[in-house]
Amino acid sequence: MRSGENMKQNKMDKFTTLYRAIKKNYDQKKYEAAIAGLQQLERQAVIPEEKHWMYHQAMGLSLFWLGEIERSLEHLRMVW
């Protein structure tokens, strides 16, 4: 059981590290870079189940600021 807990913690640590970089890009209005980071999170499958809302919120807001309203709403609806 302990190895399962370690795997979950490693996944959370990797998510946290990558998400900090994504948040920094978003805060600096580098929305394309934020989206690229979010796509990397998804490809690497390191989004913990309880953090999926953060992924969808960040993706939705980044797409919104890039003017991709329809795609933005697809993600934001998952958070609301």
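The model is a predicted one, in which local features need pLDDT of at least 70 and side-chain atom pairs count only at pLDDT 80 or more, while totals for chains, interfaces and linings use all residues. Residues are numbered from 1 along each chain as its sequence is written, and side-chain values use heavy atoms, with hydrogens and water left out.

**The overall view**

Switch to a cartoon. The protein has four helices and zero strands, and its pattern along the sequence reads α-α-α-α. Here helices (H or I, at least four residues) and strands (E, at least two) are DSSP runs, numbered from the N terminus. Taken along the principal axes, the C-alpha atoms fill a box of roughly 45 × 25 × 20 Å.

Of the 80 residues in the protein, 31% are buried; buried means under 20% relative accessible area, exposed over 50%, and partly exposed in between, with a 1.4 Å probe and protein chains only. A contact means heavy atoms within 4.5 Å. Among the contacts with a separation of 6 or more, 49% are accounted for by residues 24 or more positions apart.

**First selection: Lys 23 and Asp 27**

The structure holds two salt bridges, a salt bridge being a side-chain nitrogen of Lys or Arg within 4 Å of a carboxyl oxygen of Asp or Glu. Select Lys 23 and Asp 27, which form a salt bridge whose closest N and O atoms are 2.9 Å apart. Both residues lie in helix α1 (residues 2-27), four residues apart, about one turn of the helix. Lys 23 counts as partly exposed because its relative accessibility is 41%, and Asp 27 is likewise partly exposed, at 48%.

A pair of aromatic rings is described by the distance of the centres and the angle of the planes. Rings of Phe, Tyr and Trp (its six-membered ring) pair if their centres lie within 6.5 Å; planes under 30 degrees apart count as stacked, over 60 as edge-to-face and the rest as tilted. By this rule there are three aromatic pairs. One of them joins Tyr 26 and Tyr 31, edge-to-face, with 5.3 Å centre to centre and 65° between the planes. Is Tyr 31 buried or partly exposed? Tyr 31 is buried because its relative accessible area is 12%, whereas Tyr 26, at 22%, counts as partly exposed.

Move to the loop between α2 (31-44) and α3, where Glu 50 lies. Glu 50 has a relative accessible area of 41% and is therefore partly exposed. Not counting residues up to four places away in sequence, Glu 50 touches Lys 8 and Met 12.

Select residues 52-65, which make up helix α3. This helix has 14 residues and reaches 20 Å from its first C-alpha to its last, close to the 20 Å expected at 1.5 Å a residue; the expected span is 1.5 Å times one less than the number of residues. Its buried residues are Met 54, Tyr 55, His 56, Ala 58, Met 59, Gly 60, Ser 62 and Leu 63.

Within α3, pick out His 56. Which residues does His 56 contact, leaving aside its neighbours within four places in sequence? They are His 75, Leu 76, Met 78 and Val 79. His 56 counts as buried because its relative accessibility is 13%.

Together with Trp 65 and Ile 69, Phe 64 forms a nonpolar patch on the surface, with about 310 Å² of accessible area together. Patches are made of residues with over 30% relative accessible area and no salt bridge: like charges are joined within 9 Å, nonpolar side chains (Val, Leu, Ile, Met, Phe, Trp, Tyr) within 5 Å.

Continue past the helix to Gly 67, which follows α3 and has a positive phi, near 85°. Finish at Glu 68 and Arg 71, whose side chains meet in a salt bridge (2.5 Å, N to O). Glu 68 counts as partly exposed at 30% relative accessibility, as does Arg 71 at 40%.

Terms used: Areas by Shrake-Rupley, 256 points an atom, 1.4 Å probe, with all protein chains shown as cover.
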